[in-house]
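Thanks for asking me to look this one over. Here are my notes, point by point, to read with the structure open beside you.

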Amino acid sequence: MVLNKRLPKKHKKIQLVTYLNADSVIADQFRTIRTNLKFLMEEKKSRVFLITSPGENEGKSTTVANLAVSIAQQKEKVLLIDANLRNSMLHQVFKIQNQTGLTDVLKGAISLKQAITFTDIGKLDILTSGPDVSNPTEILGSNDMASLLHDVADMYDIVLIDSPTILKSTETRVLANQCDGAVLVLHRGKTEMDKAVEAKRILDLAHANLLGVIINEK
Ligand SMILES: Nc1ncnc2c1ncn2[C@@H]1O[C@H](COP(=O)(O)OP(=O)(O)OP(=O)(O)O)[C@@H](O)[C@H]1O
Ligand SMILES: [Mg+2]
């Protein structure tokens, strides 16, 4: 899967090209990735996918947000979860609230249904990160998170999860183990080969099901 078209570069401003310019070449590339994922879903009955990358700023959030839109445009019921509690972005990308979100659910403060935000992009729902917590590894590695993933798998056709770097954060390893599949985003020209190999090794150690690699290029 190659995503090789340039998006205009702005500082940490993620573009929803699949929504804003659905006829573009890059939107078409997301449709190709979507088709591949759908094939895997049907083949293996998989629903919950983690998007991660070896390092920071390699395009995880950009990729997962655009992929979620692309899949929702196909009338699938999609949940996008922002599990990057260290640098959450999805509420900014979709311009939605983040006063409440995943961390509140995991703390038992509100219900899952209360925390989910609906969008007007097909049946795309978003579970934003919620307020910052001091213990992201602990909270995402909890039994409550495992049971949340179990619940959302029953509620949606597909669940996509944004996460921090796999090499630097333990919670991503735990999440990779709990998802049906993981997709690695590699940044052409930025991700070093040894880091990509190390990321794969860690996913293997976590008994994650590595579905494929998306090459991002800007
Ligand atoms: N294909 C692309 N074309 C242009 N800009 C891009 C592309 N992919 C990512 N970017 C830009 O690079 C920056 C980092 O992207 P993004 O936030 O998606 O990475 P990330 O891996 O999620 O980062 P983090 O590790 O902080 O979670 C953002 O400013 C984003 O707009
Ligand atoms: Mg990100």
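1. Start with helix 2, where Ala 27, Gln 29, Phe 30, Ile 33, Arg 34 and Leu 37 are buried. Looking down the axis of helix 2, these buried residues fall within an arc of 155°, so they line one face of the helix.

2. On its other side, Val 25, Phe 39, Glu 42 and Glu 43 are exposed. Why is Phe 39 counted as exposed? Because Phe 39 has 10 C-beta neighbours inside 10 Å, and the cut-off for exposed is 12 or fewer. Its C-alpha atom is separated by 20 Å from that of Thr 18, which is 21 residues away along the chain.

3. Just after helix 2, Lys 45 takes a positive phi of about 55°.

4. Two other backbone spots are worth a click. Asn 57 is not a glycine, yet has a positive phi of about 60°; you'll find Asn 57 in the loop between strand 2 (48-52) and helix 3. With 13 C-beta neighbours inside 10 Å, Asn 57 counts as partly exposed. His 207, not a glycine either, has a positive phi of about 55°, and lies in the loop between helix 10 (193-205) and strand 8 (210-216). His 207 counts as exposed, because it has 9 C-beta neighbours inside 10 Å.

5. Next, the inside. Which residues have the most contacts within the largest nonpolar core? They are Phe 49, Ala 68, Val 78, Leu 80, Val 159, Leu 160 and Ile 161, in a core of 59 residues. Helix 3 (residues 60-72) gives the largest share of this core, with seven residues. As a general point, nonpolar side chains tend to be buried together in soluble globular proteins.

6. Leaving out residues up to four places away in sequence, Phe 49 touches Leu 37, Val 159, Leu 160, Ile 161, Cys 179, Asp 180, Gly 181 and Val 183.

7. A compact globule of 218 residues would have a radius of gyration near 17 Å, and the protein has 16 Å, which agrees. The C-alpha atoms fill a box of roughly 40 × 40 × 40 Å along the principal axes. Buried residues make up 45% of the 218. Of the contacts between residues at least 6 apart in sequence, 79% join residues at least 24 apart.

8. Finally, confidence. Mean pLDDT is 92, and 95% of the residues reach 70 or more. Where should you hold back? Over residues 4-10, pLDDT stays under 50, and the model has 11 contacts beyond four places in sequence for this stretch. Where pLDDT is low, the predicted coordinates should not be read in detail.

Conventions
Residues numbered from 1 in each chain as written. Chains lettered and ligands numbered in written order. Predicted model: local features only at pLDDT ≥ 70, side-chain atom pairs only at ≥ 80, totals over all residues. Rg over C-alpha atoms; globule rule 2.2 N^0.38 Å. Buried ≥ 20, exposed ≤ 12 C-beta atoms within 10 Å, placed from the backbone. Contact = placed C-beta atoms within 7 Å. Core = buried A, V, L, I, M, F, W, Y, C linked by C-beta atoms within 7 Å. Helix = DSSP H or I, 4+ residues; strand = E, 2+ residues; numbered from the N terminus. Arc of directions from axis to C-beta. pLDDT = per-residue confidence, 0-100.
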